[in-house]
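Student: Hi! Could you help me learn to read some features of a protein structure?
Tutor: Gladly, let us look together.

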Amino acid sequence: MSEVHVNRIQPEGEAVLLLKQQVDALYTEIGRRAFERFLGRGGLHGYDREDWVEAERSLIFAPPAELVEEDTEFRIRVAVPGMDSSKVRVSVLPRSVIIDGGSVQGSEREDGNVRFSEFSEQKLLKYLELPTEVRTFTAKASVQDGILSIRVKKATAPLSASASA
């Protein structure tokens, strides 16, 4: 199991501004690629959604994930096959978790021509909105067997059955 660095972000911090700038840059690139597809079709209108989705798919890999809520914490599992833990970044905000990282690429070859490859330059990006606030400083993350596991404590513990009676 390899530990993953967790960025614990408060909504008023400088890290939120940096994260927003990175997301804005990504969406600018998606928009540019969608427009290139539009121009490549000779400016034919009516395919804007398809152009956007294809441009997004060419840049972003949104892996399958699971969010489990327990009494005192959330457990999150995300598939990150072939990704080194040092290339995965987890950012925990009070109401969301953002996972991003480099792309999954094939091994480099010195000789021979690649005849087929499904490896891409897509960037790992997954956004999970949480149903309640969390204590960002409690977040822990690790990667084992291609699965990123994140645990983070809820901001408020539920009332016990005896306290609510």
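Tutor: We begin with accessibility: a residue is buried under 20% relative accessible area, exposed over 50%, and partly exposed in between (1.4 Å probe, protein chains only). W52, at 31% relative accessibility, therefore counts as partly exposed. Y27 is partly exposed too, because its value is 37%.

Tutor: Some background: this is a predicted model, where local features need pLDDT of at least 70, side-chain atom pairs count only at pLDDT 80 or more, and totals for chains, interfaces and linings use all residues. Residues are numbered from 1 along each chain as its sequence is written, and side-chain values use heavy atoms, with hydrogens and water left out.

Student: How many aromatic pairs are there?

Tutor: Rings of Phe, Tyr and Trp (its six-membered ring) pair if their centres lie within 6.5 Å; planes under 30 degrees apart are stacked, over 60 edge-to-face, and the rest tilted. By this rule there are 2 aromatic pairs. One of them, Y27 with W52, is stacked, with 6.1 Å centre to centre and 10 degrees between the planes. This pair links distant parts of the chain, 25 residues apart: Y27 belongs to helix 1 (residues 14-40) and W52 to helix 2 (residues 48-59). Helices here are DSSP runs (H or I, at least four residues), numbered from the N terminus.

Student: Which ring has the charged end of K154 over it?

Tutor: A charge sits over a ring if NZ of Lys or CZ of Arg is within 6 Å of the ring centre and within 35 degrees of the ring normal. Here, the charged end of K154 sits over the ring of F74, 5.4 Å from its centre.

Notes
Helices (H or I, at least four residues) and strands (E, at least two) are DSSP runs, numbered from the N terminus.
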